[in-house]
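Biologist: I am new to this structure and would like to learn how to read it. Please take the features one at a time.

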Amino acid sequence: MDKAAIPQKETTRRPWKLCTVTQVEEAKIMARMLPILLSTIIMNTCLAQLQTFSIEQGQMMDLHLGSYLFPSASVPVIPLVFMSLLIPIYEFLFIPFMRRFTGHPSGITHLQRVGVGLVLSAISMAVAGLVEVKRRNAFNDHQEKISLFWLSFQFGIFGIADMFTLVGLMEFFYSEAPSGMRSLSTSFSYLSLSFGYFLNSVLVKVINLVTERVTPSRQGWLFGTDFNKNNLDLFYWFLAILSCINFGNYVYWAKWYKYKEEEEVVEVKKDESAAVDGGGQMPILRREEPVGAVEETIGSS
């Protein structure tokens, strides 16, 4: 990317021909954040399951709570309720408590916060698989319908995961992005959401095609619309395993990433040591000029 700021022979200085040093550095920052963004796509794929298959599960469960009848489509309200209750607890209790041990203004770093959410999303999918086994066995073996609110476990856990990851991502992008690109970077979390929903459709199709060939019944895990006859629980556990693998990938990139403040401190120390070794002060470069223009200015002086 540095070559974009170095003028070549017979290159006119136009905005689309030659970049400033600042533009190159901003592009580097955005490129470094992409692996973090891509690591959250699997979590949003899990979210798509809760808003599709889990609603269909609810249609086959007991919708009554006492004398009240709750539609299965109302279950996704549970994560919002959990977030509304837990965000104040997180801000006023968890952050001050963790700040005593870590010394970090936010209690834990933004990337640690995202990592907690990724772990909880994997747990949510594992719990969803267990609940589906209980629901299917109760219906197939005893012709009974378990309560709709058994789904609140997976929805509640995912609500906590969303509180950590979604808010952590937005804070991460806003604090790390260049000042002129902050509004764009905060929209990256919704870009991850859209990719996650698209990947959900692809996975459902691929899983059905593969399992049709390997299962003795020659029927995919998600064939038909009757969940009492298919293997939705296996699909949930597949997503839980995929989420664990994705978390390992995320940990690698989170360790690789250097926060903007850390890089600035390293650069200042390098400049100071170079100035001491050279017996003088380092020349101050104008960040808004191409590298070639800076070299010409230094050479003429």
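Biologist: Does Glu132 count as buried or exposed?

Modeller: Buried means under 20% relative accessible area, exposed means over 50%, and partly exposed lies in between (1.4 Å probe, protein chains only). Glu132 counts as buried, at 0% relative accessibility. A note on sources: this is a predicted model, in which local features need pLDDT of at least 70 and side-chain atom pairs count only at pLDDT 80 or more, while totals for chains, interfaces and linings use all residues. Residues are numbered from 1 along each chain as its sequence is written, and side-chain values use heavy atoms, with hydrogens and water left out.

Biologist: With which residue does Glu132 form a salt bridge?

Modeller: A salt bridge is a side-chain nitrogen of Lys or Arg within 4 Å of a carboxyl oxygen of Asp or Glu. Here the partner of Glu132 is Arg135, with the closest N and O atoms 2.9 Å apart. Arg135 is also buried, with a relative accessible area of 2%. Helices (H or I, at least four residues) and strands (E, at least two) are DSSP runs, numbered from the N terminus. Arg135 and Glu132 are separated by about one helical turn, because they are three residues apart in helix H5. An α-helix has 3.6 residues a turn, so residues three or four places apart point the same way.

Biologist: How many salt bridges are there by this rule?

Modeller: The count is three. In another of them, Arg136 meets Asp233 at 2.8 Å, N to O. This pair links distant parts of the chain, with Arg136 in helix H5 and Asp233 in helix H9, 97 residues apart. Arg136 counts as buried at 13% relative accessibility, and Asp233 is buried at 4%. There is also a salt bridge between Glu171 and Arg113, whose closest N and O atoms are 3.3 Å apart. Glu171 lies in helix H6 and Arg113 in helix H5, so the pair ties together parts that are 58 residues apart in sequence.

Biologist: What surrounds Arg113, leaving aside its neighbours within four places in sequence?

Modeller: Contact means heavy atoms within 4.5 Å. Arg113 is in contact with several such residues, including Tyr90, Glu91, Met163, Phe164 and Glu171. Arg113 is buried, with a relative accessible area of 5%, whereas Glu171 is partly exposed at 30%.

Biologist: Which residues of the largest nonpolar core touch the most other members?

Modeller: A nonpolar core is a set of buried Ala, Val, Leu, Ile, Met, Phe, Trp, Tyr and Cys residues joined through side-chain atoms within 4.5 Å. In this core of 57 residues, they are Met33, Phe53, Leu111, Phe172 and Phe235. H5 gives the most to this core, with nine residues. Leu111 is in contact with Ile36, Phe172, Tyr250, Ala254, Tyr257 and Tyr259, leaving aside neighbours within four places in sequence.

Biologist: How far apart are the end C-alpha atoms of H5?

Modeller: The expected span of a helix is 1.5 Å times one less than its number of residues. H5 has 33 residues and should span 48 Å, and its end C-alpha atoms are 48 Å apart, which agrees. H5 is followed by Gln143, whose phi is positive, near 55 degrees.
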